[in-house]
Amino acid sequence: MTFEEMVDDLSRALKGEKLVIFVGAGVSKNSGLPTWGQMVQAFAEQIGYSMKGRLATEEYIQIPQYYYCLDKSAGHSSYYALLQSMIPEGIRPNLLDELIVSLHPKHIVTTNFDTLLDQVAEGYQPIREDRDLLACISSHYLLKLHGDIRQPEKLVFKEDDYLQYSQTHRLMETFLKSLLINHVFLFVGYSLNDYNLKTFVSWIDYLAKEMQVKQEMHHNYFLSSSLHAGKKYLRKYYEEKGLEVIDLYQLPKAVEARAQSVPLPDDLGRKTYAVLELLR
């Protein structure tokens, strides 16, 4: 698919109230918050974990688990305090947060712990745990899949939290999987080696194969920053899994020019903004 075709498809999904936008740490980075990798690195440094080069996908959840196991403070208060210290109070939403909400997708889903989207998502009911779904009266949700920093003991961050997710968040997971049937997913602010992205993509791939609709199934999309180094195999990998890739380093000249004028501190944030505003 061409860039224009992908934007048109996303725009149609948005207008038909079938677009679900997934928001990763790359969006919150524009408000000065750490990425997932930077948070994991802080835990690694505390326990003397040797980080040689880029972390493997599984290390992102194993390192916090190692810290948790070594933490002998009452109720693992040291573990939770370190998490909270990296997402301080008073952080304000950025232009990307505001744009995503202003597009008014059917639902907004985030794996971030911060409250940036909460502060601007008027008309969206926050869902932080299963019980919130049972009491929900809105038709538009802000699904906080991994919890809220204001409830640190319920965050999904270490390995056990991920392994037990299907039991601790049964309703949220079931609801999210149900959206795969007839909603278009758009992932922004995630890296290619993100454990969360790989999990979501595995759901898409399984559903398409199980229902034998791989060729007929609607497209889902991923704004990527990781293909500019000539890694064409990564694009093919994700396309085979049912995810169309929009390469942020291969944008049309007009979109690239627009990105340079967006007042955001992060280059990828500016490019992401320039693409998303085309969906209006």
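Visitor: Which kind of contact joins the side chains of Glu240 and Lys236?

Guide: They meet in a salt bridge, with 3.5 Å from N to O. The term stands for a side-chain nitrogen of Lys or Arg within 4 Å of a carboxyl oxygen of Asp or Glu. Before we go on: this is a predicted model, where local features need pLDDT of at least 70 and side-chain atom pairs count only at pLDDT 80 or more, while totals for chains, interfaces and linings use all residues. Residues are numbered from 1 along each chain as its sequence is written, and side-chain values use heavy atoms, with hydrogens and water left out.

Visitor: Which salt bridge does Asp148 form?

Guide: Asp148 pairs with Arg128, and their closest N and O atoms are 3.0 Å apart. Again the pair links distant parts of the chain, 20 residues apart: Asp148 is in the loop between β4 (141-144) and α9 (159-163), while Arg128 is in the loop between β3 and α8. Asp148 has a relative accessibility of 2%, so it counts as buried.

Visitor: What does the side chain of Glu244 touch?

Guide: It makes a polar contact with the side chain of His219, at 3.4 Å. A polar contact is a pair of N or O atoms within 3.5 Å; within protein, one must be able to donate a hydrogen and the other to accept it, and residues adjacent in sequence count only if both atoms are side-chain atoms. Glu244 lies in strand β7 (residues 243-247) and is buried, at 12%.

Visitor: How do I read a pocket, and what volume does the largest one have?

Guide: Picture a 1 Å grid over the protein atoms alone: a pocket is an open set of points where a 1.4 Å probe fits, with protein on both sides within 12 Å along at least five of seven lines, and lining residues have an atom within 4 Å of a point. Points are joined across faces, edges and corners, and the volume is the space filled by probe spheres set on them. The largest pocket here has a volume of about 880 Å³. It is lined by 48 residues, and the closest to its centre are Ala25, Gly26, Thr35, Gly189 and Ser191. The elements giving two or more residues to this lining are α2 (25-28), α3 (36-47), β6 (220-224) and α15 (267-276).

Visitor: Which element gives the largest share of that lining?

Guide: That's α3, with 5 residues. By type, the lining has 21 nonpolar, 21 polar and 6 charged residues. Here Ala, Val, Leu, Ile, Met, Phe, Trp, Tyr, Cys and Pro count as nonpolar, Asp, Glu, Lys and Arg as charged, and the others, Gly among them, as polar.

Visitor: How many disulfides are there?

Guide: A disulfide is a pair of cysteine sulfur atoms within 2.5 Å, and the count is 0. As for individual cysteines, Cys69 is partly exposed at 48%, whereas Cys136 is buried at 15%.

Visitor: And what is the phi of Glu17?

Guide: Its phi is near 55°, a positive value in a residue other than glycine. Glu17 sits in the loop between α1 (3-15) and β1 (19-23), and is partly exposed at 42%. His104 also has a positive phi, near 55°. Look for His104 in the loop between α6 (95-103) and β2 (107-110); it is partly exposed at 36%.

Notes:
Buried < 20%, exposed > 50% of the residue type's maximum accessible area, 1.4 Å probe, protein only. Helix = DSSP H or I, 4+ residues; strand = E, 2+ residues; numbered from the N terminus.
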